[in-house]
Each structure stands twice: as structure tokens, then as C-alpha cells.
Amino acid sequence: MRLGPFILRRLALSIFVLFGLSILIFIIARIVPGDPARLTLGPRAPVYVVERLRQQMHLDKPLHQQYGLWLWEVAHGNLGDSLLTRRPVKQDIKEFFPATLELVGITAIFIIVAGISLGVTSARYANTWFDNVVRLFSYLGIVTPAFAWAVILMLLFGFVWHLFPTYGRLTEGVIPPPTITGMYTVDSLLNGRLDIFWDAFMHLILPATALALPPMSQAARITRSSMADNQNKDCMSSMIAYGVPDKVVTGKYLLKPSLISPITVMGMDIAATFGYAFMVEKIFGFPGLARYGIQVMLNKDVNAISGVVLVLGVVFITLNIVVDIIVAYLDPRIRLLKGGIR
Amino acid sequence: MMTEKMFTPDAIEDPWVRTLDSLKKTWYKFSRNWLSVLGLVMVFTIIFLAVFAPYVTPYPQHAGKFVDFKNKNQPPSWQHLMGTDTIGRDILSRIIFSFRNALLMAIVVLSVSVSLGTLTGLTAGYYSGTRVDIVIMRVTDVFISIPPIILALSIAAVLKPTLMNAMIAVTISWWPWYTRMTYSLASSIKNEYYVQAAELTGASKIYILFSEILPNCSSSLFTKMALDVGWVTLVGAALSFVGLGEQPPKPALGTMIAEGVERMPGQWWIALFPALAIMFLVLGFNLFGDGIRDALSPEEA
């Protein structure tokens with residue numbers, strides 16, 4: 001089967017999932033104890049004002065109508081106002097999301113590059129001292145959560161050896177580059193300011209490493225075991241017997257089938273990084289979406305919470321689509337399944 | 001039943017002897033790997049410490065409301081092996097007490113998730129291809145479409161911040177993963193000959209689901225449960241880190257880390273030791289779970 005129809009079916013499925021996710025978020029937003037209108041206005045507002053806002057917020061209508069109206073607003077990009085910052089949620093997200101995206105982007109690069117190269121090298125030199133060291137450390141990496149790594153790295157590299165900065169996105173006094181994408185590293189490069197780029201990049205290294213270590217170790221382990229499985233297949237030995245160069249065997253015929261399971265796992269893990277970023281951003285005082293998310297969660301700011309969850313859900317679904325397409329490209333058998341679902 | 005037992009020629013047919021026998025074999029395989037045994041020792045240590053926390057901790061009264069400003073911010077010493085926090089409480093005692101809630105959370109979350117996930121997964125798997133399958137699995141897909149940690153955080157955020165609500169939030173984001181696993185197992189097991197044989201003899205659906213299919217999913221389920229104790233604790237710590245779990249003055253690993261981070265370079269022990277405690281917990285249950293997986297996998301001796 002061609003890749004095109006597969007992608008179409010996959011997209012159709014994710015529209016369904018997105019629809020379901022919107023229902024889930026609506027339910028979460030409505031189980032808040034108390035009256036949303038009262039929460040918005042505070043305890044001292046007169047009853048008739050609250051009543052008017054209830055009508056404005058459509059809280060007097062039946063639940064399914066409320067959902068319909070809410071979905072209509074969300075589909076038009078209107079997520080309502082935040083109770084905490086008194087600004088439209090959309091504006092808040094626009095301000096804080098690029099920082100998180102930048103952090104997770106760097107993390108993803110660390111995970112992919114380091115995870116796969118460690119796994120491949122480890123499989124290449126299987127059962128040597130290098131392999132054993134990588135396996136031991138990858139086990140430690142997996143079981144140590146990102147925020148424990150954050151604390152450890154911060155102590156070692158921030159306070160004991162003073163190698164990297166440990167707070168915020170830029171050194172105090174450095175003026176952020178003019179906003180184009182909101183990501184400081186990209187913006188500073190677009191403006192040709194290498195000094196700002198370096199500063200922003202140094203600030204990203206510790207949080208990104210903390211976030212990357214567990215998934216990277218996982219990726220290395222899975223790459224190693226799936227390479228080791230495929231290495232022993234008959235087709236590989238016959239290719240070596242034919243005299244196909246080692247580089248071609250490993251780089252082309254061995255790597256392609258071996259990367260399928262690591263890519264699937266890495267996709268899930270990179271998406272989950274947005275979740276762990278909640279803690280890591282707080283530890284490093286990094287002003288991203290996750291830190292904003294914690295603030296609005298502690299203040300029961302329903303509109304902002306549903307906005308944050310919606311954005312992260314969309315990112316997660318998109319990542320899953322991308323991963324499924326890459327996997328379907330690598331493995332023709334998967335394209336034959338119905339829409340890639342089991 | 002008694003009469004049947006009396007006429008059985010040899011004792012192997014006795015179900016108790018058989019269970020004991022298979023347990024012995026499993027233990028043999030499990031104990032071959034010293035890492036698995038280490039995991040088991042770690043798990044027992046954690047459970048022992050949690051159960052007997054009031055007797056094994058040096059300062060049991062520090063687990064609740066307690067202030068001792070004279071001894072605040074003490075670095076690790078022989079009096080306080082892991083130091084004291086900002087209001088003078090012994091960190092080691094508080095870590096051991098926080099294991100209690102961590103394990104309680106894991107037990108509650110996993111028992112509900114496993115029952116719910118197994119029930120839905122078995123049903124959907126056995127009736128795969130029908131409308132039941134489609135409804136159950138598409139609902140599961142929606143829950144799985146966001147990382148569990150974010151779903152748990154957002155549910156806990158709109159509820160009151162208590163341990164109970166944190167458990168509810170984690171459970172809601174955890175059960176679909178069990179549904180998905182049981183589903184994939186059940187939908188392949190239902191084509192086995194023994195299931196078809198049971199169908200032909202007219203066994204009830206309940207019997208087929210719970211006595212034919214479920215026992216054959218159990219080894220995967222046990223493995224995942226053992227591994228998940230660590231991960232549930234981790235998500236629980238994440239919730240309390242944000243401030244959405246057990247409320248102070250009760251000890252929680254996440255809360256302790258969050259407090260310690262603000263004191264970072266000076267009083268490093270406040271954050272570091274709770275972080276290492278989580279690492280110890282997850283490592284123990286991971287080694288243990290991997291050991292169970294190796295011991296229960298049928299192929300190798």
C-alpha cells in the first residue's frame with residue numbers, strides 16, 4: 001500500500017481523538033467545585049452581576065449546549081480569559097509556549113542523537129566493557145526521574161563546578177532578542193546575535209539534560225536490544241557472506257528495521273517530556289508554559305488549565321501522527337493495517 | 001471435592017502442591033539474577049520501613065506538626081543522618097514516613113486501575129471487531145492521547161488538593177494503559193484452541209473470560225504492576241511537588257523536594273535526599289519487576 005492513504009486514515013482517526021479530548025477537557029473544566037461565574041468575580045460581587053456573567057458564560061443552558069458553544073469558541077481560537085493574569089488565555093499561551101517548545105526541542109535533539117548513537121555503538125560492541133557501562137548507566141538513567149536529575153545536575157554543574165547557569169532563560173541584564181518566534185535561540189540567530197544565542201543556549205543545557213536523561217537511556221537500551229535481535233537474523237549473515245560492505249549492512253539494512261521500536265518509544269517519551277517539564281521548569285526557574293501551568297493549576301484557573309491541556313494534547317497528538325508516519329515509512333507491513341491502529 | 005481428592009493416585013494432582021511447585025520454579029529462575037534479588041531486598045526494605053515507620057525512625061514526632069528552630073537547617077550529621085529542614089525536622093524520618101503514603105497511593109491506584117482496565121480490556125479483546133470493542137477502545141484512545149502526568153495534574157488541579165483526590169486523578173489517567181495491554185493480549189488469546197474448545201463445550205462467557213483468558217494474561221499484568229509501583233509513586237511525587245497532593249505538615253516526597261529547591265546551593269540536603277529516595281524506590285521496583293518478567297517468561301529455562 002502507498003503511504004498517502006495511510007496518512008489520510010491516520011489523520012481521520014486523530015480528528016476523532018481530538019474531538020474526544022475536547023469532551024474530556026470540557027468535563028474536567030466543569031467538575032470544578034463552585035460556580036465559575038462566582039469564582040471569576042470574587043466573593044464580594046453583587047448577585048445580579050454574577051447572574052449576568054452566568055448568562056454571558058452560558059452557564060444557564062443545558063450541558064450539551066454549553067459544550068457546543070464552548071467548542072465553537074475554542075475552534076475560533078478563543079480560550080476565554082485567565083482568572084489569574086486577567087488576560088486572554090491565548091495571549092498567555094503565546095507568551096509562554098515558545099520557551100517550553102524551545103526546551104523540549106533541545107531535549108528531543110539530545111534524546112535522538114545521544115540515544116540512538118549510544119544504542120548503535122553499544123550493539124556494535126556488544127558484551128564489551130563499553131556495552132556494559134552503557135547498559136548500567138542507561139538503567140540508572142531510566143529509573144531516575146527528570147526532576148531528581150534536575151536537582152543532582154543543578155548541584156554538580158551549577159553550584160559545585162559553576163559550569164552552567166541554573167536560573168531563568170537569560171543572564172540578568174541581557175536583553176532578549178526581538179520576538180519573531182519567541183524562542184530565544186532561534187530569534188537571536190535570526191538577528192545575528194551570536195552572544196545572545198550562546199547565553200540562551202547555555203541556560204537550556206542543564207534543564208534539557210535533566211529532561212533528556214531518562215528517555216535517552218530508554219532509547220539507547222531499546223536501540224541496542226532491537227539491533228542485537230536483528231543482527232542475528234539469517235538475512236544479515238547471508239549479506240555478510242555475499243561480501244556486502246559492513247557499512248552498507250549496518251547503515252542501510254540493519255539500522256532501518258532496528259529503528260522502528262526506538263522511534264515509537266522516543267515519540268511517546270518526547271511528548272511525555274512536556275509533562276515532566278512542569279517540574280524541571282519550576283526547579284530551574286524557567287518561565288515556560290509548564291511553570292505557567294502550575295500557577296494556574298494552584299489557582300483553579302479553569303480557562304487557563306483547559307487551554308494548557310488543550311495545547312499540550314494537540315502537540316501530543318501531532319507528535320504521535322508524525323511518529324506513526326515515520327514508522328509506516330520504515331516498515332511497509334504497518335501500512336497494511338487499518339489506519340495503523342493495531 | 002473430598003472424595004475426588006482421596007482417589008487421586010498421586011499428590012501432583014493436588015492443586016496446592018502444584019502451585020507450590022511452580023512457585024519454587026519461579027523463585028529458582030528469579031534468584032538466578034542477583035539484580036532481581038537486590039530489587040526484592042530493596043522492595044522489602046521499603047515496605048518494612050513504611051509499615052514500621054513509627055518504630056524505626058529516629059524522630060517519629062517530626063512526621064507531623066513539629067517545629068524546632070534551634071536545630072533548623074542542620075547539615076547531615078550523626079544526630080540527623082540526612083540533615084534537618086527549614087523548621088528543624090529530621091529529613092530521614094520524614095522520608096520514611098512519606099513512603100507510607102507513596103505505597104498507599106500505589107496500592108489504591110493500581111488495584112482500581114488493574115480491575116477496571118482488565119475488565120474493559122478483556123471484554124473489548126474478546127469481542128474485538130464488534131461495537132463493544134470500538135466504543136471501549138476509542139474511549140481509551142482519548143485518555144491515552146495526553147501524557148498521564150498532564151492528565152493527572154489537570155484533574156487534581158480542579159479538585160481539592162488532598163491525597164484522596166490525587167489518587168483519583170492518577171487512577172483516571174492510569175487505567176487506560178491496562179485496558180490497552182489486556183486488550184491486545186485477550187484479542188490474540190481468544191483465537192487459541194483451548195478457548196475455542198471451551199466455547200464448543202458451551203462454557204459461559206464469564207467462565208471463558210475469567211478462567212480461560214485472564215490467567216494467561218496474568219504474567220504480563222503482574223510484571224506491569226510491579227514496574228508501575230515505582231512509576232505511580234513518581235507521578236504522585238510530581239503532584240505533591242506542584243502542591244496538589246498530601247498537604248503540609250504531612251510529609252510527601254514531592255513537597256520536600258519543592259521546599260528544598262528554594263534553598264538550593266546552601267542547604268542542598270533538603271532537596272537531594274528526597275530526590276535520591278524516589279530514585280531508590282523506582283530503582284527497587286524496576287529491578288524487582290524485571291526479575292518477575294524474566295522469571296515468568298515461559299521460553300527460557
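How many residues from chain B and from chain A does the contact take? In this predicted model, 33 residues come from chain B and 38 residues from chain A. On the side of chain B that touches chain A, two or more residues each are given by helix 6 (131-144), helix 7 (148-158), helix 10 (205-242), helix 11 (253-261) and helix 12 of chain B. Of these elements, helix 12 of chain B contributes the most, with eight residues. For the complex, the predictor gives an ipTM of 0.82 and a pTM of 0.84.

Confidence was examined along chain B. The average pLDDT of chain B is 85, and 94% of the residues score at least 70. Within the chain, the highest confidence is found in helix 5 (residues 91-126) of chain B, at a mean of 92, and the lowest in helix 1 (residues 2-7) of chain B, at 49. Residues 1-5 of chain B have a pLDDT below 50, and this stretch makes zero contacts in the model beyond near neighbours in sequence. Where pLDDT is low, predicted coordinates should not be read in detail.

The largest nonpolar core holds 144 residues, of which A:Ala150, A:Val151, A:Val280 and B:Leu153 touch the most other members. Helix 12 (residues 269-296) of chain B supplies the largest share of this core, 15 residues. Leaving aside residues up to four places away in sequence, A:Val280 touches A:Ala146, A:Phe147, A:Ala150, A:Pro207, A:Ala210 and A:Leu211. Another core, of twelve residues, lies apart from the largest one; among its members are B:Leu122, B:Tyr183, B:Leu209 and B:Ile213.

Helix packing was described for a pair in chain A. The axes of helix 10 (residues 234-242) of chain A and helix 11 (residues 246-258) of chain A are 11 Å apart, and the two helices pack at an angle of about 155 degrees. Angles over 145 degrees count as roughly antiparallel, and helix 10 of chain A and helix 11 of chain A are therefore roughly antiparallel to each other. Their crossing is right-handed. Helix 10 of chain A makes the contact through A:Met236, A:Met239 and A:Ile240, and helix 11 of chain A through A:Val249, A:Tyr253 and A:Leu254.

Helix 3 (residues 47-56) of chain A has ten residues, of which the number buried is zero, so this helix lies largely in the open. A:His58, which follows helix 3 of chain A, has a positive phi, near 60 degrees.

Methods
Residues numbered from 1 in each chain as written. Chains lettered and ligands numbered in written order. Predicted model: local features only at pLDDT ≥ 70, side-chain atom pairs only at ≥ 80, totals over all residues. pLDDT = per-residue confidence, 0-100. Helix = DSSP H or I, 4+ residues; strand = E, 2+ residues; numbered from the N terminus. Contact = placed C-beta atoms within 7 Å. Core = buried A, V, L, I, M, F, W, Y, C linked by C-beta atoms within 7 Å. Buried ≥ 20, exposed ≤ 12 C-beta atoms within 10 Å, placed from the backbone. Axes fitted to C-alpha atoms, helices over the stretch in contact; angles between N-to-C directions. Parallel < 35°, antiparallel > 145°, perpendicular 65-115°, else oblique. Left-handed = near helix turned anticlockwise from the far one by under 90°.
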